[in-house]
Amino acid sequence: MKLYFKYLQILFKSQMQYRTSFWLLTVGQFFIPFAVFAGLYFLFERFGQIKGWQFFEVALCFAVIHMSFSLSECFARGYDMFSSLVVRGDFDRILVRPRSTFIQVLGSKFEFTKAGRLLQSALVLIWALHNLSIDWTPIKAITLVLMVASGVFIFTGIYMLAATMCFWTVQGLEVANIFTDGGREMAQYPLNIYQKWVTRFFTFVIPFGTVNYLPLLYTLGKNNGDDLLYILTPVLGSLFFLPCLLVWQIGVRHYRSTGS
């Protein structure tokens with residue numbers, strides 16, 4: 001982790017060499033999600049509720065998934081841009097260094113301008129929590145933190161799977177955006193508004209349901225059954241990262257140099 005934070009420090013200094021550009025990009029990232037959130041707001045202005053979900057409940061759902069996505073997009077950007085390392089042959093240099101390829105690729109790229117998008121999500125989160133009557137306990141507060149953390153692990157895992165495909169395809173596959181950008185758009189609403197097969201797929205295969213639907217039921221007091229199971233669902237969802245890491249290691253072992 002010392003090496004990781006060293007990467008973080010170096011890349012932050014490099015991006016701050018052009019401060020005006022940095023701050024303009026950050027401000028732009030702050031306003032980009034407002035168009036999506038405005039669509040959400042006007043939807044509820046027109047219909048009032050969706051399958052029993054009120055506006056501020058869905059706004060909380062929106063904030064959690066967008067915070068997770070922003071954090072993952074900022075700190076796992078190295079995997080999202082991994083194809084360029086393969087095309088240029090730079091991954092060869094990573095392999096000869098006496099450090100984990102996972103840490104080196106993770107630290108190869110950071111998008112600090114995504115802090116603007118993170119701030120916007122945090123403001124929506126605060127607004128939603130202020131307008132919801134939640135009987136807060138320390139466990140519920142921890143569950144909320146785990147929801148965001150689980151989303152970060154899941155998005156990062158998807159980025160890793162997409163990066164692993166580059167060992168065979170060289171260029172990244174656009175299909176991965178279905179599960180990153182598409183997953184974010186889908187998971188900003190409670191999963192039970194979709195058809196059952198969609199809910200099951202995004203609960204048991206790519207577990208976005210463990211980020212903001214199942215634990216959200218517990219936080220809002222809507223769950224039926226054992227509270228502990230709903231509390232632990234973000235932890236279970238985070239385990240999605242482990243097979244992604246295993247697939248990454250398999251891909252590294254099958255890597256063949258570009259020869260450039």
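**Salt bridges, helix packing and a surface patch**

Asp 181 counts as partly exposed, at 30% relative accessibility; on this scale buried means under 20% relative accessible area, exposed means over 50%, and partly exposed is what falls in between (1.4 Å probe, protein chains only). The structure is a predicted model, in which local features need pLDDT of at least 70 and side-chain atom pairs count only at pLDDT 80 or more, while totals for chains, interfaces and linings use all residues. Residues are numbered from 1 along each chain as its sequence is written, and side-chain values use heavy atoms, with hydrogens and water left out.

The partner of Asp 181 is Arg 184, and the two form a salt bridge whose closest N and O atoms are 3.8 Å apart; the term stands for a side-chain nitrogen of Lys or Arg within 4 Å of a carboxyl oxygen of Asp or Glu. Both residues sit in helix α10 (residues 181-187), and because they are three residues apart there, about one helical turn separates them. Helices here are DSSP runs (H or I, at least four residues; strands are E, at least two), numbered from the N terminus. Whereas Asp 181 is partly exposed, Arg 184 counts as buried at 12% relative accessibility.

In total, the structure holds five salt bridges. In general terms, side chains of opposite charge can pair when their charged atoms come close. Another of these pairs joins Glu 57 to Lys 222, with 2.9 Å between the closest N and O atoms.

Glu 73 is in helix α3 and Arg 117 in helix α8, so the pair links parts that are 44 residues apart in sequence. Glu 73 is buried, its relative accessible area being 8%, and Arg 117 counts as buried as well, at 9%. Arg 77 joins Glu 73 and Arg 117 in a network of salt bridges.

Two packed helices are described by the angle between their axes and the distance between the axes. Here axes are lines fitted to C-alpha atoms, for helices over the stretch in contact, and angles run from 0 to 180 degrees between N-to-C directions. The axes of α3 and α8 come within 8 Å and cross at roughly 155 degrees. That makes α3 roughly antiparallel to α8; the classes are roughly parallel under 35 degrees, roughly antiparallel over 145, roughly perpendicular from 65 to 115, and oblique for the rest. The crossing of α3 and α8 is left-handed, a label used if the near helix is turned anticlockwise from the far one by less than a right angle, with right-handed used if the turn is clockwise.

Helix α2 (residues 19-47) meets both of these helices. With α3, α2 packs at an angle of about 160 degrees, the axes being 10 Å apart. This angle makes α2 roughly antiparallel to α3, and the crossing is right-handed. With α8 (residues 115-131), the axis of α2 comes within 6 Å and crosses at roughly 45 degrees. Helix α2 is therefore oblique to α8, again in a right-handed crossing.

The loop between α2 and α3 contains Lys 51. This residue has a phi near 50 degrees, a positive value in a residue other than glycine, and at 56% relative accessibility it counts as exposed. Met 1, in the segment before α1 (2-15), is exposed too, with a relative accessible area of 61%. The C-alpha atom of Met 1 is 8.1 Å from that of Ile 103, although the two residues are 102 apart along the chain.

Finally, a nonpolar patch lies on the surface. The patch is formed by Leu 228, Leu 229, Leu 232, Val 235, Leu 236, Leu 239 and Leu 242, which together have about 640 Å² of accessible area. Patches are made of residues with over 30% relative accessible area and no salt bridge, like charges being joined within 9 Å and nonpolar side chains (Val, Leu, Ile, Met, Phe, Trp, Tyr) within 5 Å. The areas come from the Shrake-Rupley method with a 1.4 Å probe, and for residues only the protein chains shown count as cover. Helix α14 (residues 227-238) supplies the largest share of the patch, five residues. Val 235 is located in α14 and counts as partly exposed at 38% relative accessibility.
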